[in-house]
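Have the sequence and the model open as you read.

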Amino acid sequence: MENVFPGFSDFASLDEIGPIVLSHGDGIHVVDVNGRRYLDANSGLWNNVAGFNHQGLIDALCAQARRFPGYHSFFGRIADVTVELSKRLIGLSPFEDGKVYYTNSGSEANDTMVKMLWMINRARGESERRKIITRHNAYHGVTIATASMTGKPYNAEFGLPLPGFLHADCPHFWRYGLPGESEEDFTQRMARNLEDLIEREGPETIAGMFAEPVQGAGGVIPPSKGYFQAIRPILRKFDIPLIADEVICGFGRLGEMWGSDHYGIEPDAIIASKCLTAGYYPMGAVILGEQLTAALMEASDRFGEFPHGFTAAGSPLGSAVALKALDVIENEGLIDNVRALTPHFQERLGRFADHPHAGEVRGVGFMGAIEIVADKSTKAAFDSKVGISEKIANTALQNGLICRPLGASVVLAPPFIITRQEMDGMFDTLEKTIAEVFADVRS
C-alpha cells in the first residue's frame, strides 16, 4: 500500500489499523491476503449486488473477451452487444422511447448530462439556461462539474462549487423539520423554497434539476412524504427538466427497477451506473426520454455532431456484462429477494432505534442508516474528534463486518443475494460492535 493513494480514506484510521488488502471474494464475503473473511454489508460501493464470484457474470465477461474485447462507440461504429443493451435499457426505463449514451462511471454520466442540457439550450437560443440545481447533502460525482453538483462540505477544499451550481434544501425531515411542523408541512416548505430559489435566480437561467430518489452518500436519506409530487409541478411550470440520478437506487436496490418507480418521480432522463454491471465492469449510462432525445438530436444536427465522448464508453465487455447483470437481477431472483427480505431488513434495522445514541434509524428497500448522536433529545452529534462512526466501522472490521461510516451515520446496503440467515448474522455482528464501541466510549 505504500505506493497507493486511496480515495475517500481516513488516513488517521489507516495509520492506526492499516489497510485491508483483498485477494478474492466468495458470495457476499471478501477475503484478504491473510485469509480473513469479511461480510461486505455495503455491496462494495453499493454495486456488487450479485456477490463477488458470480459465475454467470464471469463467463459473460470471458466469452465477450474471446469474441470482441474492446471498441469505441464514436463515428456511428458500435458493438452489437451495446446496441442490444441500449434496447434493453429503454425497455426497462419509464420511457416509451429514447436513447442511451454510455460513459465509464456515474460521475461521467452526470457530467455528460450537464453538457447535453447546455448544448440543447444553446441550440434553442436559450444559452443563458446553464444553472444546475441539486440539493444539500446530495452526491452526484467527483468530476469538476459533478463535484460542484455534490452538496457536501468537503468540496470547498477544491474551491467548489463552480458558479451556476445551486443547492436547494435537503428534504430530510428528521434533521431539518421545524418544531411542531408536520412532515406534510415540511414537504410543502421544501417545495416553496425550491420555487423561491428558481424565481430568485430566474427560471430562464435554469438548465435542469438533478435528484437522487434516496440521497445515498448523504447517509441514506429518503425524501420527505410527497416530496417529488410537490416539486414536479414546479419544475414543469418553469420548463426545467428533472434528471433522476439512479446510480445507487437503479436496478433493484429499493425492490423495484428504479427508485423513480418507488417514488413516482416521472423523470425526463435517468443516470445509471453501479448495479448496471453488478460491479463487474466500470460503466455508466445517460438514459434520455423522448423529449430530451429529440432536443439533443436537433442540437447535434445543427452543429453536425455531438462533440463529446469517452474512449472506452459503450465497451463490448461492459455491455455483455451489463446484459448478463440485468438478466441476473430480473430473472435469477435477485430483485425478488430484495422484495422478500426488505421487511426483515427494515425490522432488524429498526431495533437500533431503542439505542440511547441512535438519533434516527432510517431506510428503504436494501438501504439503511443509523445516525449516531451524543444526545438523543437535542439530536446533537458527537464531537468530530471522537470519530464515532469511524470507530464503529473499524471495530466492525475487527469483527468481520464491512459497514460504511457516512458523516455521523453507519450505513448498510447488502448485496441482493444475501440470505435471511446471513442478514441476521450481519445485524448480530453490528449489534455486538456498537455495544463494544459504546462500552469503550463510556470508559
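Glu 195 and Lys 237 meet through their side chains in a salt bridge, 2.7 Å from N to O. The pair links distant parts of the chain, 42 residues apart. Glu 195 sits in helix α8 (residues 183–201), and Lys 237 in helix α9 (residues 227–237). Lys 237 counts as exposed, at 55% relative accessibility. Note that this is a predicted model.

A second bridge joins the side chains of Arg 348 and Asp 424, at 2.9 Å from N to O. Arg 348 belongs to helix α13 (residues 334–350) and Asp 424 to helix α15 (residues 420–442), so this pair ties together parts that are 76 residues apart in sequence. Arg 348 is buried, with a relative accessible area of 4%. Asp 424 is partly exposed, at 23%.

The structure holds 20 salt bridges. Three of them are set out here, among them the two already described:

| Salt bridge | Closest N to O distance |
|---|---|
| Arg 362 and Glu 360 | 2.7 Å |

**The hairpin and its charges**

Are Arg 362 and Glu 360 buried or exposed? Both are buried. They also belong to a network of salt bridges that links Arg 175, Glu 360, Arg 362 and Glu 371.

Strand β11 covers residues 358–364. Five of its seven residues are buried, so the strand is largely enclosed by the rest of the structure. Its partner is strand β12 (residues 367–372). The two run antiparallel, and six bridges join them. Across the pairing, Arg 362 stands opposite Ala 369 in β12. Together β11 and β12 form a hairpin, with two residues between them. Gly 365 lies in the turn and has a positive phi of about 55°.

In a regular strand, side chains alternate between the two faces of the sheet.

**Cysteines**

How many disulfides does the structure hold? The count is zero. A disulfide is a covalent bond between the sulfur atoms of two cysteines. Take Cys 249: the closest cysteine sulfur is in Cys 275, 9.4 Å away, which is too far for a bond. The cut-off for a disulfide is 2.5 Å between the sulfur atoms. Seen from Cys 275, the closest cysteine sulfur is that of Cys 249. Cys 249 is buried, with a relative accessible area of 1%. Cys 275 is also buried, at 0% relative accessibility.

Note on methods. Residues are numbered from 1 along each chain as its sequence is written. This is a predicted model: local features need pLDDT of at least 70, side-chain atom pairs count only at pLDDT 80 or more; totals for chains, interfaces and linings use all residues. Side-chain values use heavy atoms; hydrogens and water are left out. Buried means under 20% relative accessible area, exposed over 50%, partly exposed in between (1.4 Å probe, protein chains only). Helices (H or I, at least four residues) and strands (E, at least two) are DSSP runs, numbered from the N terminus. Two strands pair if DSSP finds at least two bridges between them. A salt bridge is a side-chain nitrogen of Lys or Arg within 4 Å of a carboxyl oxygen of Asp or Glu.
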